[in-house]
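Me: I've got a protein model open and I'd like to go through it bit by bit. Can you help me read it?

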Amino acid sequence: MLLVVADTLRADRLGAYGNRRGLTPFLDELAARGWVARRARAQASWTNPSVASILTSRYQSQHGIVDFASVLPSAELTLAEVLQSAGYATAAFSANGLIGATNGFAQGFDRFEAHLLAHDDAPAYLRVPVRTDRLAADALAWLDGVWREAPATPVFLYVQPMEPHSPYAPPPDVLARVRGAKPPVDLRRASETMFIDATNPVDHEQLDEILDAYNASVAAMDAALAELFAALEARGFFDQAVVVVTADHGEEFQEHGARGHGRTLFDETIHVPLIIVPPGDGGPGVVEHLVSSIDIAPTILELAGVPVPARFAGRSFASSLQGGIGGRVRRALVSWRGDPSQPASYSEHLRPPGEAVAPATSHQRALVVDDLKLIGWRDGARRFYDLRVDPGEHAPNTVEDADRARLEAALAEMEARARLDASPPETRAPDARTLQALEALGYVQ
């Protein structure tokens with residue numbers, strides 16, 4: 001079983017989601033063999049709470065990850081713990097060290113390796129995370145060791161690449177291919193601009209450099225994942241494996257004025273790619289109904305034949321991953337009347353009590369029902385969007401009153417649901433090395 005959570009990967013960068021630049025040939029080929037959830041939404045717009053939601057199938061209100069001092073409570077039950085109890089060998093290899101063992105994310109993993117920085121002695125804007133090839137080498141070495149000892153052991157492997165996250169360091173040849181005939185990119189300026197004064201727009205030239213640096217980084221990650229998958233295939237890893245590729249969140253590039261993530265709940269930050277390749281010959285296909293990141297763990301468990309814990313808030317959509325006539329009929333019904341088992345996707349941007357609201361971070365909650373979206377501001381304001389006619393979320397006054405009332409009622413229901421069975425919050429002050437990584441990745445200055 002393989003779960004890849006690509007850090008800061010926008011859905012619209014994949015050909016499977018309509019991109020025609022050819023940035024992700026490997027992931028597009030994988031999508032052509034499996035299932036593509038076109039309307040997947042993350043439960044948060046930055047890494048720590050989003051990954052916590054993926055691993056626990058719980059909302060931010062429940063697991064309590066609200067800042068970098070938050071610790072995933074021991075009371076939470078992770079996907080890795082469930083699989084470990086079912087006899088799986090479990091390992092995580094992450095280029096994002098901010099989701100580390102000291103913050104509780106190692107629960108259920110036999111091996112947990114999270115890197116803070118690749119080059120501690122470089123200036124902050126050049127302290128790039130380790131690359132996917134390093135994660136792959138470590139993961140393969142671990143897998144070989146497990147299977148030498150017990151060849152029949154089922155395996156759960158979690159991999160989190162960081163290439164699309166600034167600071168950017170794509171290979172020169174990849175950047176040149178993406179850039180084309182335009183002048184070379186100043187990666188130092190692009191990386192600095194991405195997180196220094198990120199709430200103020202930059203001019204077209206600077207934004208174009210940032211976009212090309214980001215796109216080249218996405219392409220580099222895709223190539224590295226192709227090599228990892230090829231090595232796993234050579235080892236017979238995929239014979240009966242469930243494979244899932246998704247992202248923890250997306251990225252803003254001034255669509256609403258700011259750059260980066262962790263500030264808003266617009267779709268550029270919470271609409272994420274989600275590709276599932278189940279064992280057997282179920283695919284390919286498209287999951288058209290709404291799904292959420294909290295649905296990933298229950299779906300993996302159902303596909304693997306492992307009972308889904310009642311504590312999980314997400315709902316499996318494994319029954320949607322069916323070929324043949326039965327699958328086509330189910331998807332036609334979902335398209336026609338919506339899926340009552342997947343009524344909405346709910347996201348949060350919560351902060352510690354009493355914390356001052358930083359500029360451009362005024363979003364608190366978002367809800368998507370069908371193609372309608374409601375964003376709730378911290379000051380109580382509401383904005384309503386019809387994503388069919390306004391996918392960029394620039395026209396908040398086009399939703400009918402009846403639909404607004406329906407969204408308001410659904411939001412109140414989801415808020416109440418997300419508060420159920422919340423774990424007591426746990427915190428741990430970041431150490432000096434973590435603070436250094438936070439500075440390098442642009443979270444503190």
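Me: Which residue forms a salt bridge with aspartate 370?
Reply: This is a predicted model, where local features need pLDDT of at least 70, side-chain atom pairs count only at pLDDT 80 or more, and totals for chains, interfaces and linings use all residues. Residues are numbered from 1 along each chain as its sequence is written, and side-chain values use heavy atoms, with hydrogens and water left out. A salt bridge here is a side-chain nitrogen of Lys or Arg within 4 Å of a carboxyl oxygen of Asp or Glu. The closest N and O atoms of this pair are 3.4 Å apart, and the partner of aspartate 370 is arginine 406.

Me: How far apart in sequence are the parts that this pair ties together?
Reply: Aspartate 370 sits in the loop between E15 and E16, while arginine 406 belongs to helix H12. (Helices, H or I with at least four residues, and strands, E with at least two, are DSSP runs numbered from the N terminus.) So the pair ties together parts whose separation in sequence is 36 residues.

Me: Are arginine 365 and glutamate 415 buried or exposed?
Reply: These two form a salt bridge, with the closest N and O atoms 3.5 Å apart. Arginine 365 is in strand E15 and glutamate 415 in helix H12, 50 residues apart. Buried means under 20% relative accessible area, exposed over 50%, and partly exposed in between, using a 1.4 Å probe and protein chains only. By that rule, arginine 365 and glutamate 415 are both buried.

Me: What is the relative accessible area of arginine 58, the salt-bridge partner of aspartate 421?
Reply: Aspartate 421 and arginine 58 have their closest N and O atoms 3.7 Å apart. Aspartate 421 lies in the loop between H12 and strand E18 (426-427), and arginine 58 in the loop between helix H2 (47-56) and helix H3 (60-63), so the pair ties together parts 363 residues apart in sequence. Aspartate 421 counts as partly exposed at 49% relative accessibility. Arginine 58, though, is buried, and its relative accessible area is 1%.

Me: How many salt bridges does a search of the whole structure find?
Reply: Some of them link up: Arg21, Arg179, Lys182, Asp208 and Asp212 are joined in a network of salt bridges. For the whole structure, the search gives 29.

Me: What is the relative accessible area of threonine 24?
Reply: Threonine 24 lies in the loop between strand E1 (2-6) and H1. Leaving aside neighbours within four places in sequence, threonine 24 is in contact (heavy atoms within 4.5 Å) with Arg13, Leu14, Gly15, Val218 and Asp222. Threonine 24 is buried, and its relative accessible area is 0%.
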